[in-house]
Amino acid sequence: MDAQVLRKQMVEAALPLLKGRTVTDLVVGVSLLAVELDHEAISVSYVVREELGGGCSIFPYGTEVIGHPAEEIALWFAEGGDALQRGIGGAVLNAAAQRQELPDRDSREHPFDLTVTAGDTVGMVGHIPPALMRLKAFHPKTIIFDKGKSAEGNAEEGIFPMERQAELLPQCDIVLMSGTAMVNGTAASLFEMASGARDVVLVGASVPMIPEGYRGTPASVLAGSFWRWEDKEEIFSLITQAAGMQKVGRFMVKKNVRIRG
C-alpha cells in the first residue's frame with residue numbers, strides 16, 4: 001500500500017463523520033495549524049515546514065478553506081500537493097474524529113497500552129522525548145531515527161542514521177512513529193519495515209484518529225489527541241503568534257486507543 005492509497009483509505013473511512021459538516025475557521029502558524037468545524041470542534045496539527053518551499057504567496061489554497069464542506073477539505077489529506085495542504089486535510093479529519101467513542105487505554109504500568117520489558121528493542125521514528133521517557137523506565141534497548149538528530153548518529157544515545165531504518169526497524173519488537181509520517185508520506189514504507197513488530201504505535205497531534213483507516217497496516221495503537229472547543233480562542237491566538245506544542249499542549253486531551261491486538 002503506497003502513501004497516497006493509505007491516506008485515501010483514511011479519508012474514505014472518515015466520510016460518515018465528515019458528511020454535512022463545514023469548516024468554519026483555520027489558522028496556520030510557524031509550527032502548528034488548527035481548524036474548526038461547525039463552531040463546535042477543533043483540531044491542532046503540526047506544520048511539517050521542512051517539507052515546504054520558500055517564496056511568497058505559495059500557499060493560495062489557505063483562503064479556500066473557511067466555509068467549505070469538511071468532506072472536500074479532508075480530501076486534501078489524500079490529494080494535497082504539499083505537506084501543508086495535507087496537514088490541513090488531516091486536521092479536518094481529526095476534528096471530525098472527535099464525535100467517535102474511542103475508549104482510552106493507558107497506564108503507568110502499560111504506557112500506550114504496551115507491555116515493555118528489558119529484553120525488548122523499541123524503535124522510534126521521530127525523537128519524541130515524553131514517550132521515550134515513559135518507555136525507558138522499563139529499560140528496553142532503544143533505536144531512534146530523527147532527521148534533526150540522525151545526520152551523524154550517536155549509538156551511545158540510541159540515535160542512528162536515517163539510512164539504517166530498513167536494516168534496524170525489522171529488528172524491533174515495538175515501533176513508535178510520529179503522526180507526521182502520515183502527512184509527509186513516509187508512513188507506508190515505515191509500516192512495511194515494522195510489519196514484524198509486536199506493536200506499532202503512532203504518536204502525536206498529527207495522528208489521524210480514525211481506527212478503520214488503518215486496516216491492512218500493522219498499526220496497533222493510536223496515541224493522538226482531541227481538543228476542547230471551549231479553549232479555541234486561546235489555542236488559535238497562540239498559534240497565530242508562532243507558538244509550538246510547548247505552549248499549546250496544556251489544552252490537549254490525550255487519547256490512547258488500541259485498534260489491533
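**Close-up views of a predicted model**

Figure 1. Helix α4 (residues 83–97) has 15 residues and spans 20 Å from its first C-alpha to its last, close to the 21 Å expected at 1.5 Å a residue. The expected span of a helix is 1.5 Å times one less than its number of residues. Helices (H or I, at least four residues) and strands (E, at least two) are DSSP runs, numbered from the N terminus. The model is predicted: local features need pLDDT of at least 70, side-chain atom pairs count only at pLDDT 80 or more, and totals for chains, interfaces and linings use all residues. Residues are numbered from 1 along each chain as its sequence is written, and side-chain values use heavy atoms, with hydrogens and water left out. Helix α4 is mostly covered, with 15 of its 15 residues buried. Buried means under 20% relative accessible area, exposed over 50%, and partly exposed in between (1.4 Å probe, protein chains only). D82 caps the N-terminal end of α4. One of its side-chain oxygens lies 3.1 Å from the backbone nitrogen of L84.

**Figure 2. A13 on helix α1.** A13 lies in helix α1. A13 counts as partly exposed because its relative accessibility is 21%. Not counting residues up to four places away in sequence, A13 touches I210, E212, G213 and R215. Contact means heavy atoms within 4.5 Å. A13 and L93 are 80 residues apart in sequence. Their C-alpha atoms are 9.9 Å apart in space.

**Figure 3. The largest cavity.** A search of the whole structure finds one cavity of 30 Å³ or more. The largest cavity holds about 30 Å³ of space. A cavity is a set of points, on a 1 Å grid over the protein atoms alone, where a 1.4 Å probe fits but cannot get out; a pocket is an open set with protein on both sides within 12 Å along at least five of seven lines; lining residues have an atom within 4 Å of a point. Grid points are joined across faces, edges and corners, and a volume is the space filled by probe spheres set on the points. The cavity lining consists of A3, L6, R7, A181, M182, G185, T186, A187 and A188. The most comes from α1, with three residues. By class, the lining has six nonpolar residues, two polar and one charged. Ala, Val, Leu, Ile, Met, Phe, Trp, Tyr, Cys and Pro count as nonpolar, Asp, Glu, Lys and Arg as charged, and the others, Gly among them, as polar.

**Figure 4. The largest pocket.** The volume of the largest pocket is about 1300 Å³. Of the 43 residues that line the pocket, Y46, H127, I128, S178 and V203 are the closest to its centre. At least two lining residues come from each of α5 (129–136), α7, β8, α10 (245–248) and β9 (252–258). The lining has 18 nonpolar, 15 polar and ten charged residues.

**Figure 5. S225 in strand β8.** S225 is found in strand β8 (residues 221–227). S225 is buried, with a relative accessible area of 1%. Its side chain makes a polar contact of 3.2 Å with the side chain of W227. A polar contact is a pair of N or O atoms within 3.5 Å; within protein, one must be able to donate a hydrogen and the other to accept it, and residues adjacent in sequence count only if both atoms are side-chain atoms. Leaving aside neighbours within four places in sequence, S225 is in contact with G204, A205, M209, M252, V253, K254 and K255.

Figure 6. A194 sits in the loop between α8 and β7 (199–203). A194 counts as buried, at 1% relative accessibility. Beyond its neighbours within four places in sequence, A194 is in contact with V175, V200 and P218. L75 is 119 residues from A194 along the chain, and their C-alpha atoms are separated by 27 Å.

**Figure 7. Loops on either side of β2.** S31 is found in the loop between β1 (23–28) and β2. The side chains of S31 and R49 are joined by a polar contact of 3.3 Å. Leaving aside neighbours within four places in sequence, the contacts of S31 include S45, Y46, V47 and A242. D38 lies in the loop between β2 (32–37) and β3 (41–46). H39 is found in the loop between β2 and β3. D38 is not a glycine, yet has a positive phi of about 55 degrees. H39 is not a glycine either, and has a positive phi of about 55 degrees. D38 counts as partly exposed, at 24% relative accessibility.
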